Amino acid sequence: MGTIADGTERDGGYLRLENICKRYGDTAAADGVTLSVPRGCFLSLLGESGSGKTTLLRVIAGFEKPDCGRVYIGGRDVTDAPPSERGCRTVFQDLALFPHMSAAGNIAFVLRAGKRLCADGQYRRMSAAEARAEAERALAETGLAGMGSRKISTLSGGEKQRVAIARALASGADVMLLDEPFSSLDAVTRAGLRALLADLHARTPVTFVYVTHDREDAMRMSDRVAVLSGGRLLRCASPEEVYRDPQSAEAARLTGECGVLRAADGSEIFVRPEDVTFGSGEECVVTECAYGGGKYLITLLSPRGEVKAYSDREYAKGEKALFDIKSGSGGKAVKV
Ligand code: ADP
Ligand code: MG
């Protein structure tokens, strides 16, 4: 296993991917992905279904070997290291819990599977009582204090998620990998789990890699958002940077509502709805008006392209209007 001596310090990258490629037949699931995030970062991999998010997560975890490229964790080249030697723990979509075991039993089972550093400073296999105590502690961290004896099959979807997260925490994950973990849960349960991850993120030095196709999830929770499309990394930056300067029409579309207009010089600029005003400016026609969250999202067609705008009042389809772009906002060029 190769080591780059100053890998972590050199570019602040605790988790670093260098030119990761992975093909399945004719499909490029990862197409030259390079990114780097500091320790304790909450990174989201955002993209539509089939964009290569799971592939990248599996390459980081070590379940998938890339065709080319390197994976570094904590400055160590782990590309050829097995999953167990990467300090990564994956919370799988199907959670991979033993249904007939208790919540604490699931965690203790993993804790006792190998030697680990115990409270007495010894590197040895934990006793059943130690593992149980450790499991209960982890469950308390995820809001399941006192529920260790409950069988997995008697827990709700959200509670099972918490057990899976507690297990990853208890097993000492430096990097926690989550693949669309909350996609099958109702909105209220999801909100609770998001809050749990935010809390763990604030309290622990764990680096999170969170796979999602939900842009709100990605934008709200992350320090960095990596936008993927067709196996390519379009943009990796803070939510604000990605939103304000997506650099490609595709990344703009994936990170929020937007429109694209042709500029006088033939280039294309993207415009977010909050930067569009009504009443003066260019002529357009309303092609869509959808109500949501106390305001209307209006789609406007102008000779220069299509933009979206927010409005307090409803517009009829086909209604003519005048729109303008707030000065100093949006208007950044994008590649189409
Ligand atoms: P996402 O998680 O963003 O939905 P994936 O990483 O699962 O995307 O898949 C990216 C592309 O690679 C898809 O076109 C998918 O069909 C393909 N793919 C992923 N895994 C395999 C595999 N084991 N065999 C063949 N094709 C695969
Ligand atoms: Mg996936």
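User: How much area do domain 1 and domain 2 bury between them?

Analyst: In this predicted model, the protein is divided into domain 1, residues 15–244, and domain 2, residues 257–334. Four residues of domain 1 are in contact with seven residues of domain 2. Of the area buried between the two domains, 26% is on carbon and sulfur atoms, and the whole comes to about 490 Å².

User: Which residues in domain 1 lose the most area to domain 2?

Analyst: The C-alpha centres of domain 1 and domain 2 lie 39 Å apart. On the domain 1 side, 98% of the buried area belongs together to the residues that lose the most to domain 2, and these are Arg215, Tyr243 and Arg244.

User: What is the handedness of the crossing of H5 and H6, and how do the residues of the contact divide into nonpolar, polar and charged?

Analyst: The crossing of H5 and H6 is right-handed. From H5 the contact draws on Gly158, Gln161, Arg162, Ile165 and Leu169, while H6 contributes Thr189, Gly192, Leu193, Leu196, Leu197 and Leu200. With Gly counted among the polar residues, the contact of H5 with H6 divides into six nonpolar, four polar and one charged.

Methods
Residues are numbered from 1 along each chain as its sequence is written. Chains are lettered from A and ligands numbered from 1 in the order in which they are written. This is a predicted model: local features need pLDDT of at least 70, side-chain atom pairs count only at pLDDT 80 or more; totals for chains, interfaces and linings use all residues. Side-chain values use heavy atoms; hydrogens and water are left out. A crossing is left-handed if the near helix is turned anticlockwise from the far one by less than a right angle, and right-handed if clockwise. Helices (H or I, at least four residues) and strands (E, at least two) are DSSP runs, numbered from the N terminus. Contact means heavy atoms within 4.5 Å. Domain bounds come from an automatic or database domain assignment. Buried area is the accessible area (1.4 Å probe) that two parts lose on being put together, summed over both.
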